[in-house]
Amino acid sequence: MTKKLNIALIDDSFYPMVDGVANVVKNYATILAKNHHVTVFTSMPLIPVGKEKFPFKVIRCKSHRHIHWSDYSAPAPQRDPAFLKAINQKFDIIMI
């Protein structure tokens, strides 16, 4: 039996944003979660997110609007102790 790896995917573009990067991260996480423990670390979106249902864990950090005309948020992990604690756990693989 193969050991389940603890994998972190770190990205600032994730659901509910719909773009190529968010789709790739979601697809990687979904496939990897079939055999491993996967956590996606991302920023809090500017629009509220309902109850997310993914086959992997999603941890979001505090964020702020980066540019006033943009829909993307800029992560601010330095302002989020809970996020920093979660991201500092031991991972076998980290993908940024």
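**Salt bridges and burial**

Author: Lys3 is exposed, because its relative accessibility is 55% and the exposed class begins over 50%. The model under discussion is a predicted one.

Reader: How many salt bridges does a search of the whole structure find?

Author: The search covers the whole structure of this predicted model. The number of salt bridges it returns is two.

Reader: Which residue does the side chain of Asp92 meet in a salt bridge?

Author: Asp92 lies in the loop between helix 2 (81–87) and strand 6 (93–95), and its partner lies in the segment before strand 1 (6–10), 89 residues apart. At 33% relative accessibility, Asp92 is partly exposed. The N to O distance of the pair is 3.5 Å. The partner of Asp92 is Lys3.

Reader: How far apart are the closest N and O atoms of Glu52 and Arg60?

Author: Glu52 and Arg60 form a salt bridge. The distance between their closest N and O atoms is 2.5 Å.

Reader: Which residues are in contact with Thr39, leaving aside its neighbours within four places in sequence?

Author: Thr39 lies in strand 2 (residues 37–43). At 6% relative accessibility, Thr39 counts as buried. With those sequence neighbours left aside, the contacts of Thr39 are Ile7, Ala8, Leu9, Lys57, Ile59 and Phe91.

Key:
Residues numbered from 1 in each chain as written. Predicted model: local features only at pLDDT ≥ 70, side-chain atom pairs only at ≥ 80, totals over all residues. Heavy atoms only, no water. Helix = DSSP H or I, 4+ residues; strand = E, 2+ residues; numbered from the N terminus. Buried < 20%, exposed > 50% of the residue type's maximum accessible area, 1.4 Å probe, protein only. Contact = heavy atoms within 4.5 Å. Salt bridge = Lys/Arg side-chain N within 4 Å of Asp/Glu carboxyl O.
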